[in-house]
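Welcome, and please take a moment to look over the sequence and the model before reading on. The paragraphs below walk through a few side chains and their partners.

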Amino acid sequence: GGPRQRLDSPRTSNAATALLERMYTCSPLGTLSYACDYGRSIMDSPRQRDTRSANPGKDKQVSGTNSNGSASSRERDREKARGVQAKDGDEQGRPPRPHSKREDGEGTQGVELEIDAETLKEQGRRRDEQAKRERQMAEAESSRRKAEDQVELDEDRRAWAEEQAWLKSIDQPPAWHRRLWRTLVWGREGEPEAPPRRFLFACDLGDPISCVQLGPGGACMAGSVQGRIWLLAGKGGGAVASAVPEPGVKSAPPPPRADLLAGWSDEGARGLYLDDECGYATFTESCRGWKRARPHAQTGNVRFRDLERKNTQVVKHVLQRGSWVCVLFPLSTTLVNVARRELIQRQFKLFDFGSSTDVAPCDFDGEHLLLVDRSRVGSNPALYLVYLEANEQVELDDMPDAPWISLVKLWGPDCILGAVGRTLHIYDFKKKQSRHSLRGHHAEILAVDARHHDTIASLSSDGVIKLWSGTTGACLRTLCVPGANFFLSYPYCLCMQENRIAISCDEGVYMVELELLTDVV
């Protein structure tokens, strides 16, 4: 069988002999006789006879070993064990270790436990070092942020102090002749109220403000004729926070300062838009965006000529209302949503009306385009209302005081505002009749905000702002911005949102904050 074949092999002859010797020393007589017969049968097997005949010297050594008994075999095994032990001890520099099966098992297990304990200790030490490094990095980052916040706070305080010094310098009481003139002009109405104000952006001579936009969270944005863009991010301090704290009251942080997003460029700012996260500025041939949060990372740049691959035309005019921009090419019109990056093509062609020097757009509200045509020789300029989706044009030939209109704005779905000197007309172009004539300004109207469906704001050259009800035509409130001058005849701007109003003047941009918008003066 299997065991006999394995024991008959030459390699196991010595093992069989050693087995017999061990069984002789520890087994009963019956077991010894059986073991002797089994071992004798193995030694007398044909394979062992052939092996002995091929190796007579080895056979003598094996037979001698068997005749001498178990003592010689045990001594050789012990000598071998002692030699291996001595070799191991000499190589490792420590006393030899026992090699018995039980003792070897216990030693290996102890070494493994010792290695596991050391490994766990090393892993714990590494985890502690990693946690310590992470804490140090977090503390360093927190310290860096605190230092940056402190620097920003110091800059805000410095800018706020300069702004307060500027406002204080212009808050001088007017001369006696000016007070007399105001009393004679205003009469029983009394002088207009002067709400708290802020001076946000200062422009340079020759680079006036071309557009102003208010946004959510107290944000304000302004652009100049030569392409400079300012942003007041908002969300802090309030519009008219006091720089000098009351006694016993902890000083509040100053309001945020304005940041310059873009410097001088060849393109002037044509429109602005603000949402909760970003601010967008529209130039003559492109639109750029920035994050409202400092450091105001740029979010992208859209070039209007690259919107269509085959478009080789030059941009003639750009108008904006909210997030929609109307880009007028000589042979096409494109509407672009700067926030969502949407594009809509319209069939209107500016070339059909004449040259760009004679035809100019006045206003755009997302669906309609208002044009003025000066190409008629010997007659008054003509106003045209263009329905962009249907590509239809309607001439407005019955507006009141049309030849003397200096400012035109679209208001609501069916009305047009026309400023003639000190009067503001509300004209219904669908019914082709005048709805209201708003009178009350004592100087020429320079700017109008018609973006609200029920309230209209107008600014005159004496720095007076009036809020009107578009439904009834009544004056809701009369305000005055001290220090604002309008002597350079720029195209001034006016923007109203909720309880804030921003205006542009010769010095820059002022913003006033109102408490109530429903008080009737």
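In which helix do arginine 125 and glutamate 122 both lie, and how many residues apart are they? The two residues belong to helix 7, which covers residues 101–170, and they are three residues apart, or about one turn of the helix. Keep in mind as we go that this is a predicted model. Arginine 125 and glutamate 122 form a salt bridge, and their closest N and O atoms are 2.1 Å apart. With a relative accessible area of 38%, arginine 125 is partly exposed. Glutamate 122 is partly exposed too, with a relative accessibility of 27%.

Follow helix 7 onwards and you will find arginine 157 and aspartate 154, again three residues apart and about one turn of the helix. Their side chains meet in a salt bridge, with 3.7 Å from N to O. Arginine 157 counts as partly exposed at 38% relative accessibility, and aspartate 154 counts as partly exposed at 38%.

Now let us see where helix 7 meets another part of the chain. The side chain of glutamate 152 forms a salt bridge with that of arginine 294, at 2.9 Å from N to O. Glutamate 152 is in helix 7, whereas arginine 294 is in the loop between strand 8 (286–291) and strand 9 (298–303), so this pair ties together parts that are 142 residues apart in sequence. Both partners are partly exposed: arginine 294 has a relative accessibility of 33%, and glutamate 152 has one of 28%. The two residues also belong to a network of salt bridges that links Glu152, Asp156, Arg257, Asp259 and Arg294. The count for the structure comes to 25 salt bridges.

Let us turn from charges to rings. The structure holds five aromatic pairs. In the pair of phenylalanine 201 and tryptophan 230, the ring centres are 6.0 Å apart and the planes meet at 20°; under 30 degrees counts as stacked, so this pair is stacked. Phenylalanine 201 is part of strand 1 (residues 197–202) and tryptophan 230 is part of strand 4 (residues 229–232), so the pair ties together parts that are 29 residues apart in sequence. Are these two residues buried or exposed? Phenylalanine 201 is buried, at 1% relative accessibility, and tryptophan 230 is buried as well, with a relative accessible area of 8%.

Elsewhere, Phe486, Tyr490 and Tyr492 form one aromatic cluster.

Our last stop is glutamine 320, in strand 10 (residues 317–321). Why does glutamine 320 count as buried? Its relative accessibility is 16%, and buried means under 20%, so glutamine 320 falls within that class. What does its side chain make a polar contact with at 2.6 Å? The partner is the side chain of threonine 282. A polar atom of the glutamine 320 side chain also lies 3.4 Å from the backbone nitrogen of leucine 272. Leaving aside neighbours within four places in sequence, glutamine 320 is in contact with Gly271, Leu272, Tyr273, Thr282, Val325, Val338 and Phe364.

Notes:
Residues are numbered from 1 along each chain as its sequence is written. This is a predicted model: local features need pLDDT of at least 70, side-chain atom pairs count only at pLDDT 80 or more; totals for chains, interfaces and linings use all residues. Side-chain values use heavy atoms; hydrogens and water are left out. Helices (H or I, at least four residues) and strands (E, at least two) are DSSP runs, numbered from the N terminus. Buried means under 20% relative accessible area, exposed over 50%, partly exposed in between (1.4 Å probe, protein chains only). A polar contact is a pair of N or O atoms within 3.5 Å; within protein, one must be able to donate a hydrogen and the other to accept it, and residues adjacent in sequence count only if both atoms are side-chain atoms. Contact means heavy atoms within 4.5 Å. Rings of Phe, Tyr and Trp (its six-membered ring) pair if their centres lie within 6.5 Å; planes under 30 degrees apart count as stacked, over 60 as edge-to-face and the rest as tilted. A salt bridge is a side-chain nitrogen of Lys or Arg within 4 Å of a carboxyl oxygen of Asp or Glu.
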